Amino acid sequence: MGLFSKAKTTRDDLKDEAIPPMEWKDNPETSANILSSLTFTWMQPMFSRASYLRKRGKYLQQEDLVPIAEMDKSEHVENLFDAAYNSYVPKAKKRKTDEGGQAKEKDTPEELEKRLVHALLATCKRRLIVAGVIKFFNTVLQFTFPILLNLILSYYQDVQSGVIGEGDPPMVRYKGYWLSALLMFFVASKALTESAYFHKVNRCSWRIKTAVSSSIYRKSLRLASSEQQKTTLGEIVNLMQVDATKIEAFVLQIHVMWDGLFQITGYMTILGTLLGWTCLIGLFVIMTSIPIMGKMTGKMFGMNRLMV
């Protein structure tokens with residue numbers, strides 16, 4: 001009987017098995033549909049590959065990872081930055097050029113700052129706008145939670161008090177069920193839009209950091225010998241890493257500036273509708289705490305600088 005028994009495959013045999021590298025036909029993210037982009041199912045082949053390799057005692061390699069999209073590669077970002085930086089013309093010089101004069105004077109520090117901002121936005125302007133639209137809808141979905149919860153609680157109160165009974169139409173009698181289903185739908189929609197927002201805004205921050213770091217590095221290679229003596233290697237590294245990281249962190253919070261005010265306005269409107277003028281007490285506390293928190297934050301930054 002042992003002659004016909006199937007030989008058992010051990011984990012060591014699977015580990016010695018030669019597994020060909022994973023081949024991606026094209027970039028899965030750029031070719032994914034809207035539903036796949038929202039749910040990130042375009043990354044599923046990589047996780048399936050990881051599970052397949054894990055059973056054989058192996059792990060993901062570099063070629064198994066999702067390939068970087070062409071628009072996110074550093075070469076493409078550098079080209080966008082350079083084209084926008086070189087093509088920017090300040091308004092004052094543009095008027096002189098239109099009148100037939102030649103704008104040969106150097107840019108002022110303010111014009112250089114505007115030129116840099118214009119070039120950085122050119123690398124991810126469209127994505128930032130799309131992220132802002134997604135953030136707006138995400139906040140609107142967030143406003144629906146207290147409204148739907150208030151309607152559900154009012155429904156149960158009407159049922160217990162006998163206002164809604166068996167004689168009412170099904171739409172009214174089962175209102176609590178479809179309100180709960182609607183609440184669940186809005187919660188799921190908020191989760192999808194929030195993940196899509198953070199995905200896009202993180203990509204924008206990475207592109208801007210790449211543009212800043214690469215431009216500083218290329219500029220350091222073109223410095224004259226006299227300028228190289230004035231600028232140390234540590235200063236260049238700080239500009240490429242520390243300062244670029246600060247810009248990256250700012251881009252991550254760029255939509256919070258308007259979204260915070262939008263949320264305060266929306267929630268105060270909802271509280272005013274439900275509670276009346278008493279909601280102004282909470283608004284007063286918030287407005288009073290803003291300058292206090294500003295002073296505390298300023299002192300903390302001052303103490304950090306002294307420690308460094």
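Reader: Happy to dig in! What should I know about the numbering and the atoms used?
Author: Residues are numbered from 1 along each chain as its sequence is written, and side-chain values use heavy atoms, leaving out hydrogens and water. Because this is a predicted model, local features need pLDDT of at least 70 and side-chain atom pairs count only at pLDDT 80 or more, while totals for chains, interfaces and linings use all residues.

Reader: How many helices does the protein chain have?
Author: Helices here are DSSP runs of H or I with at least four residues, strands are E runs of at least two, and both are numbered from the N terminus. Read along the sequence, the pattern is α-α-α-α-α-α-α-α-α-α-α-α-α. The chain has zero strands, and its helices number 13.

Reader: What share of the 308 residues counts as buried?
Author: Buried means under 20% relative accessible area, exposed means over 50%, and partly exposed is in between, with a 1.4 Å probe and protein chains only. For the 308 residues of this chain, the buried share is 25%.

Reader: Which residues of H6 make the contact with H4?
Author: The axes of H4 (residues 74–87) and H6 (residues 109–122) come within 8 Å and cross at roughly 145°; such axes are lines fitted to C-alpha atoms over the stretch in contact, with angles from 0 to 180 degrees between N-to-C directions. Contact means heavy atoms within 4.5 Å. On the H4 side, the contact is made by Leu80, Phe81, Ala84, Tyr85 and Asn86, and on the H6 side by Leu112, Arg115, Leu116, His118, Ala119, Leu120 and Ala122.

Reader: How many residues of each class does the contact of H4 with H6 have?
Author: Ala, Val, Leu, Ile, Met, Phe, Trp, Tyr, Cys and Pro count as nonpolar, Asp, Glu, Lys and Arg as charged, and the others, Gly among them, as polar. By that scheme, the contact of H4 with H6 has one charged, two polar and nine nonpolar residues.

Reader: Is Asn27 buried or exposed?
Author: Asn27 lies in the loop between helix H1 (11–16) and helix H2 (34–39). Leaving aside residues up to four places away in sequence, Asn27 touches Pro67, Ile68 and Ala69. With a relative accessible area of 14%, Asn27 is buried.

Reader: Which backbone nitrogen lies 3.1 Å from a polar atom of the side chain of Asn27?
Author: A polar contact is a pair of N or O atoms within 3.5 Å; within protein, one must be able to donate a hydrogen and the other to accept it, and residues adjacent in sequence count only if both atoms are side-chain atoms. For the side chain of Asn27, the backbone nitrogen at 3.1 Å is that of Thr30.

Reader: Which backbone oxygen lies 2.9 Å from a polar atom of the side chain of Ser189?
Author: Ser189 is found in helix H9 (residues 175–221). Ser189 counts as buried, since its relative accessibility is 17%. The backbone oxygen lying 2.9 Å from its side chain belongs to Phe185.

Reader: How far apart are the C-alpha atoms of Trp178 and Ile152?
Author: Trp178 is also found in helix H9 and is partly exposed, with a relative accessible area of 35%. A polar atom of the Trp178 side chain lies 3.2 Å from the backbone oxygen of Met171. Trp178 and Ile152 are 26 residues apart along the chain, and their C-alpha atoms are separated by 9.6 Å.

Reader: How far apart are the C-alpha atoms of Leu151 and Ser180?
Author: Leu151 is found in helix H7 (residues 125–161), where Leu151 is partly exposed at 36% relative accessible area. Leu151 and Ser180 are 29 residues apart along the chain, with C-alpha atoms separated by 9.7 Å.

Reader: What is the phi of Phe40?
Author: Most residues other than glycine have a negative phi. Phe40 lies in the loop between H2 and helix H3 (44–54) and is partly exposed, with a relative accessible area of 24%. Although not a glycine, Phe40 has a positive phi of about 60°.
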